Amino acid sequence: MKIHEYQAKELFKSFDIPVPKGNVAATISEAEAVAKNLNNVCVLKAQVHSGGRGKAGGVKLAKNAEEVKKFANDLIGMKLVTHQTGPEGRIVKKILVEEIKEVSKELYLAIVVDRAKASPVIIASASGGMEIEEISAKNPELIIKEHVCPLLGLQPFQARHICNRLQLTPEITKLAIPLITNLYKLFVQKDCSLAEINPLVITKDNLLIALDGKLNFDDNALCLHKDISELRDLDEEDPLEVEASKYGLNYIKLDGNVGCMVNGAGLAMATMDIIKLAGGSPANFLDVGGGASVSAIENAFRILLMDKNVKAILINIFGGILRCDNLAKGVVEATQKTNLNLPVIIRLEGTNVEEGVKILDKSNLRFSVASNMAQAAELVTQAIAN
């Protein structure tokens, strides 16, 4: 789960990570009130779940009350299109109004999970304010990585080591060590999947400030953090993904035209690969899970049909906990409840596969049953071509 910058900064403050003075505003009058407390010299930042807001015109610097009003009017309600939102963009409903800091140096600081080493890793760079992917590609030597043992936690010497490699002055190091420590505490205590400050700035008056912030959270741990769950902004998520989450379905919308229903994330990835290999393009990632019920299958099928880009459906099930006969019952019931006019290709294997195939045959519905994955991918791409 992602949250907005202003929400991340509220969490930063609760963990004693310094941020600029300011507040969020949903109207022009609210923005003017916040700016007035900042002597009307401030930055106005569009609040959407996307990077690259500045390049897309979502960040404005105001020098007086007139500019505050104008920029607030420009930003609130605008459709912000960035490289991360795609062409559909995001509607800006809130802006963050903050004081402007005089910056002498921009740094990068983040914590993520290194799955290969099964531990958190702190990533830092003396070249902040840029996309970390760009820095890593062009100047990998500028990237500092410090792995943290999850049992021992972040040790003081590790924070000092990061500061030394960033070549920070003793005065700034005294501020950076507790900041790095507190960011790690936040990362662990709130079950984050990403905690990022870009840029982390050294100001002209030798302060260390989180000028921007991004926090992502492990969805599987949200049940432990009601306060974090309440920060979820459904307007920033794809409507079909929100609908799928209501039924415990793992759904991610893509830009293809083959609707995919699969049980198991690994099988789903393989299914998307083989569709591409056959010349098709997957419209989604949909994992119904190992123990999906008939009703869950119905809901999954309905969500697939809600995507207007879907021209054919491929159902690829390996029956284990999810029995093939239950899958077949769910598909038949869902089809009977909808005005389905799309080709459906089904590949079943595993527990009760014979019973599942019989249910599909007796339904007298227009299903094509494939004997293997390769044939299923070929049939679904042919169906779209025809």
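Biologist: So strands here are DSSP runs of E, at least two residues long, numbered from the N terminus. Where does that put Glu99?

Modeller: In β6, which covers residues 95-99. Keep in mind that this is a predicted model.

Biologist: Is Glu99 buried or exposed?

Modeller: Buried: its relative accessible area is 17%, and the cut-off for buried is under 20%.

Biologist: What does the Glu99 side chain have as polar contacts?

Modeller: One of its polar atoms lies 2.8 Å from the backbone nitrogen of Lys21. There's also a side chain to side chain polar contact with Lys101, at 3.5 Å.

Biologist: And which residues does Glu99 touch, skipping those up to four places away in sequence?

Modeller: Pro20, Lys21, Leu38, Val41 and Val43.

Biologist: Switching topic. How many residues are in the largest nonpolar core?

Modeller: It has 40, and Phe12, Leu215 and Phe217 have the most contacts inside it. Elements giving two or more residues to this core include α1, β7, α5, α6 and β12. The largest share is from α6, with eight residues.

Biologist: Is there a second core, or what else is there?

Modeller: There's a separate one of 30 residues, with Ala283, Leu286, Val288 and Leu327 among them.

Biologist: Back to Phe217. What is it in contact with beyond four places in sequence?

Modeller: Met1, Ile3, Leu11, Lys190, Asp191, Cys192, Ser193, Leu222 and Ile228.

Biologist: How do α5 and α6 pack?

Modeller: At an angle of about 130°, with the axes 9 Å apart. That angle is why α5 counts as oblique to α6, since over 145 degrees would be roughly antiparallel and 65 to 115 roughly perpendicular.

Biologist: Left-handed or right-handed crossing?

Modeller: The α5 and α6 crossing is right-handed.

Biologist: Which residues make that contact?

Modeller: On α5, Ala159, Arg160, Ile162 and Cys163; on α6, Thr173, Ala176, Ile177, Ile180 and Thr181.

Biologist: Last one, Lys253. Which strand is it in?

Modeller: Lys253 is in β13, residues 250-253.

Biologist: What does Lys253 contact outside its sequence neighbours?

Modeller: Leaving out residues within four places, the list is Asp238, Leu240, Glu241, Ala283, Asn284, Asp307 and Asn309. Take Ala283: it sits 30 residues away from Lys253 along the chain, with the C-alpha atoms 6.3 Å apart. Ala283 also belongs to that second core.

How values were computed
Residues numbered from 1 in each chain as written. Predicted model: local features only at pLDDT ≥ 70, side-chain atom pairs only at ≥ 80, totals over all residues. Heavy atoms only, no water. Helix = DSSP H or I, 4+ residues; strand = E, 2+ residues; numbered from the N terminus. Contact = heavy atoms within 4.5 Å. Buried < 20%, exposed > 50% of the residue type's maximum accessible area, 1.4 Å probe, protein only. Polar contact = N/O pair within 3.5 Å; in protein donor to acceptor, adjacent residues only side chain to side chain. Core = buried A, V, L, I, M, F, W, Y, C linked by side-chain atoms within 4.5 Å. Axes fitted to C-alpha atoms, helices over the stretch in contact; angles between N-to-C directions. Parallel < 35°, antiparallel > 145°, perpendicular 65-115°, else oblique. Left-handed = near helix turned anticlockwise from the far one by under 90°.
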